[in-house]
Amino acid sequence: MPTATEAGLSDTQRQVVELAREFARERIEPFAAEWDRTSHFPRDVIDEMGKLGFFGMTTPEEYDGMGLDTVTYLLALEEVAAADAAIAVSMGIHNAIPTTMLVKHGTTEQRERWLKPMARGELLAGFALSEAEAGSDAASLAAQATKEKQGWVLNGAKAWATNAGTADLMMIMARTDQTGARRGAKGISTFIVPTDSPGYTACKPEDKMGLRASNTAAIELSDCRLPADALLGDGGMGFVYAMEGLDAGRLGIGAQGVGIARRALEHCIRYTAERRQFEKPLHDFQAVQFKLADMATRIEAARALAHRAAVRKDAGENVGMHASMAKLFASETAMWVTTQAIQLFGGYGYMRDFPVEKLFRDAKVTEIYEGTSEIQRLVIARALR
Amino acid sequence: MKIIVILKQVPDSETKIKVKGDGSGIETDGIKYVISPYDEYAVEEALKLKEKAGGDSTVTVVSAGPDRTVESIRTALAMGADAAVHVNDPALEGADSLGVARALAKAIQDNGFDIIFAGKQGIDQDNSQVPSAVAELLDIPQVNIIAKFEITEDKSKATVSRRIEGGEETIETSLPALFGCEKGLNEPRYASLPGIMKAKKKPVKTVDLAGLGLDAGEVGAAGSHVKILKWIPLPERQAGKILQGMETAEASKELVRLLREEAKVI
């Protein structure tokens, strides 16, 4: 059984992963199907994970985080994703994008006010880049931030933001260049926006194919007034910060894809041993064996790719290309493995009463969000030139 | 208060146990070891008492076992225990319950204690002997299988409940005393990530039998009063029987006959 184990982990790292596995098995997995059916976002479970330290895993200890390495974080995230990818996405985004942004570019006051409670699991943070007209072409976003005497005023709309309606704060990308003097990607800045700010409205949650327990919604910004210190880092650097955050985020999607695929394989191993056709268990048929072997091999490869990129990241390398490779391969593995899983389950696989159908639906978005597979290929190809 | 928890490391209940071919023991390869589940209730109750008692109260975990036992000790430390004593001596492999109890009792005595919590039994061999023997050796009262625990303000007495057939038995005891913990006593907490980080720096004292001033020939396997002669795997489950081609009345009759004469369950 290809569970998430890694040679050379310290006792501490192993304990962290064990804890994630135990928590996921006891507090998430038994309820995941119900949350999926009712589109219920279990904030209480998220808060419990936060209190245990899962929302500050890689945050340095000086900011109340655990200061853990990225491989350990990915292993823990994989365990959560194997139980419910909809919970993993909250953990993944919070740990990767807003956390990275504040660690790298926050002022002392911003870190004190936001990063520390985020690491302690007291505040849940999200990220809003996409807009209805700006998806893969993110730099064309139109939400506008205007400087005033007292601070900033944000206007515009964001699309498909995870936890838009459930987070305590969002990192929102908006233009700080002016009409008539547009500067493309260089005209974008990052704002720390508490979700109870006047003028911030999270719209009705989207009715999604998968990750149904996760809150995804559009955000309307209508004269959303923010203090001057809502601006993160330097004006005009927002797109760079977003890409840095996405490098970390994409490794997380890699772990999420591995988690989904692994759980699908685990179900298949059990099912093909039990299910008998033509007077023998399915796993006695070579066609089935080959499928299982391919699933297991791709999962191992996907995990190795993500962990390798994580090691590079912790060594301080620029991991843009490697993060894209990890995300691309793991998400396509998740989609392929869950497709095979439904095929192995046959008619049962198509039924909501069996777990692989949900895994299939959850897998699809990993090929889309935080950069589609096509964008990942572009990033990789550009890095090869 | 000096609060002691007796902890045993056992194979995970989800582990498939295989008996060695020669019946001399179990295959230990690939076994995942965990804190015996009843001992988790003991850890939790100790931590709750520490939080309540406050002051300079400490929780010390005392465990006997080979090197791997440290992993479970660290988990208890990550849950919030303060320190641990690990009795690690190869002579204890194959020791009987009394031998293990002697080693633990001595370690507890050396450490000092005001109250002791243990699981009601280890889930590996289910002997349920060590806690009682430790209490006897320390000459203190013990109540096993407790489902409720309360302590008086001055910490001189404890009131505990045991579930008994059709009711509950409430027992008051003076302290120090030893309590064997039962499921339902509490909900053991998870070891948090900060807890795991802090556990690294907490002291784990390792002692062998000589260090405790005990004679391995008496306490260890050599002095054991109990010898396990042979380990036998559970018999494979037999295939079920299906009564076919009979009328309901006839089939019922046959079913009752089989349950009575073959299965001997009615």
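**View 1. H8(A) meets H9(A) in a left-handed crossing.** This is a predicted model, and here we look at two helices of chain A, H8 (residues 320-345) and H9 (residues 356-364). Their axes sit 9 Å apart and pack at an angle of about 160°, so H8(A) runs roughly antiparallel to H9(A). On the H8(A) side, look for Ala334(A), Met335(A), Thr338(A), Thr339(A), Ala341(A), Ile342(A) and Phe345(A). H9(A) answers with Val356(A), Glu357(A), Leu359(A), Phe360(A), Ala363(A) and Lys364(A). Sort the residues of this contact by type and you get nine nonpolar, two polar and two charged.

**View 2. H8(A) also packs against H10(A), the helix of residues 373-384.** The angle is about 145° here, with the axes 9 Å apart, and the crossing of H8(A) and H10(A) is left-handed. H8(A) brings Gly320(A), Met321(A), Ser324(A), Met325(A), Lys327(A), Leu328(A), Ser331(A) and Glu332(A) to the contact. From H10(A) come Ser373(A), Gln376(A), Arg377(A), Val379(A), Ile380(A), Ala383(A) and Leu384(A). The tally for this contact is seven nonpolar, five polar and three charged residues.

**View 3. Gln340(A) is a buried residue of helix H8 in chain A.** Leave out residues up to four places away in sequence, and Gln340(A) touches Lys291(A) and Met295(A).

**View 4. The largest nonpolar core takes in 158 residues.** Good places to start are Phe54(A), Leu154(A), Phe149(B) and Phe179(B), the residues with the most contacts inside this core. Helix H6 (residues 238-274) of chain A supplies the largest share of the core, at 15 residues. Apart from this core lies another one, of 27 residues, including Leu104(B), Ala107(B), Phe113(B) and Leu212(B). As background, nonpolar side chains tend to be buried together in soluble globular proteins.

**View 5. Phe179(B) and its contacts, seen up close.** Phe179(B) is one of the residues with the most contacts inside the largest nonpolar core. Which residues is Phe179(B) in contact with, leaving aside its neighbours within four places in sequence? They are Ile115(B), Ile116(B), Phe117(B), Ala118(B), Val143(B), Ile146(B), Phe149(B), Ala158(B), Val160(B) and Thr173(B). One of these partners, Phe149(B), is also listed among the residues with the most contacts in that core.

Notes:
Residues are numbered from 1 along each chain as its sequence is written. Chains are lettered from A and ligands numbered from 1 in the order in which they are written. This is a predicted model: local features need pLDDT of at least 70, side-chain atom pairs count only at pLDDT 80 or more; totals for chains, interfaces and linings use all residues. Side-chain values use heavy atoms; hydrogens and water are left out. A nonpolar core is a set of buried Ala, Val, Leu, Ile, Met, Phe, Trp, Tyr and Cys residues joined through side-chain atoms within 4.5 Å. Buried means under 20% relative accessible area, exposed over 50%, partly exposed in between (1.4 Å probe, protein chains only). Helices (H or I, at least four residues) and strands (E, at least two) are DSSP runs, numbered from the N terminus. Contact means heavy atoms within 4.5 Å. Axes are lines fitted to C-alpha atoms, for helices over the stretch in contact, and angles run from 0 to 180 degrees between N-to-C directions. Angles under 35 degrees count as roughly parallel, over 145 as roughly antiparallel, 65 to 115 as roughly perpendicular and the rest as oblique. A crossing is left-handed if the near helix is turned anticlockwise from the far one by less than a right angle, and right-handed if clockwise. Ala, Val, Leu, Ile, Met, Phe, Trp, Tyr, Cys and Pro count as nonpolar, Asp, Glu, Lys and Arg as charged, and the others, Gly among them, as polar.
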